[in-house]
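Today I looked up charged side-chain pairs in a structure. My notes follow.

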Amino acid sequence: MTAKGNHPITDIGTLKALAHPLRMKLYRALCVARVATASQLADQVDEAVSLVSYHLRKLAEHGLIEEAQPQSGDGRERWWQPSSEGVSIKDKDFRDAPERAAAHLAATRLFHEQRSDMYRRYLDERLLWGPEWNSAAPDNESLLRLTPAELTELGKELLALAKKYDEMGRAAEATGDTEGRENVALHVYGFPFRP
C-alpha cells in the first residue's frame, strides 16, 4: 500500500464515489481480502465482472484503491488493493454548504444501513457460527453522561484498541496462526440523545 493510516475524505466527489452502494460493498470486500481481482470481488457481490471493473476504476480515480502487484502468473488479471488502511469521513468537513452536508448525511445513512445489513445477516446465520463465536460476539449498549470532549476521547480510545487487536491478529496470521481466525466487524456508534 502506498499510504499508511486512514485516507481522510474531505471532498464531495470522493465522498459520492464511495457512497455508491456497490462501490462501498466492493471497498469493504477489498479491505477484507487485502488484494483481489474484479472476478474475485464479482463473485462476492454477485455482480458481472464488467460492472465490478467499472466501479473499481471509479474508486481508483478517487484514490481509494490502487493496483496491486500481480498475485499469479496470469498477466491478464488486474489486482487491486486499498490505498490506505481505511477512510475517515468527518462531519466538520462537510458543514460549510447545504449540498455538502446533504451528501455527507446520505453517505452516512448508506454506511449505517450496510452495517446493519451485515449484523442482521450474522443474526440470521447465528446458529451456523456455533456457541463459541456466539458467546464471543459482544452485543452491548451503554448509556453514558458525557461532554463532547469526553465522547471524542472515548472514540479515540476505542479506535486505538480496535487497531491494536487488528494489528495483533494480522501479525499472528502472518506467522501462520490462522486456526479459528475469522473476519470480525466491530461497529461502534456514540451519539447524543434525549429521552
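I settled one term before starting: a residue is buried under 20% relative accessible area, exposed over 50%, and partly exposed in between (1.4 Å probe, protein chains only). The model is predicted, so I noted its limits: local features need pLDDT of at least 70, side-chain atom pairs count only at pLDDT 80 or more, and totals for chains, interfaces and linings use all residues. Residues are numbered from 1 along each chain as its sequence is written, and side-chain values use heavy atoms, with hydrogens and water left out.

**Entry 1: the search.** How many salt bridges are in the whole structure? I found 10. A salt bridge here is a side-chain nitrogen of Lys or Arg within 4 Å of a carboxyl oxygen of Asp or Glu.

**Entry 2: E85 and K163.** I looked at this salt bridge and read 3.3 Å from N to O. It joins distant parts of the chain, 78 residues apart. E85 lies in the loop between strand 4 (79-82) and strand 5 (86-89), while K163 is in helix 7 (residues 148-174). Helices (H or I, at least four residues) and strands (E, at least two) are DSSP runs, numbered from the N terminus. I checked accessibility next. E85 is partly exposed at 42%, and K163 is partly exposed at 37%.

**Entry 3: D91 and R95.** Their closest N and O atoms are 2.6 Å apart, and they form a salt bridge. Is R95 buried or exposed? I noted 58% relative accessibility for R95, so R95 counts as exposed. D91 has 39% and counts as partly exposed.

**Entry 4: D177 and R181.** I logged a salt bridge between these side chains, 3.3 Å from N to O. D177 is partly exposed at 36%. R181 is partly exposed at 33%.
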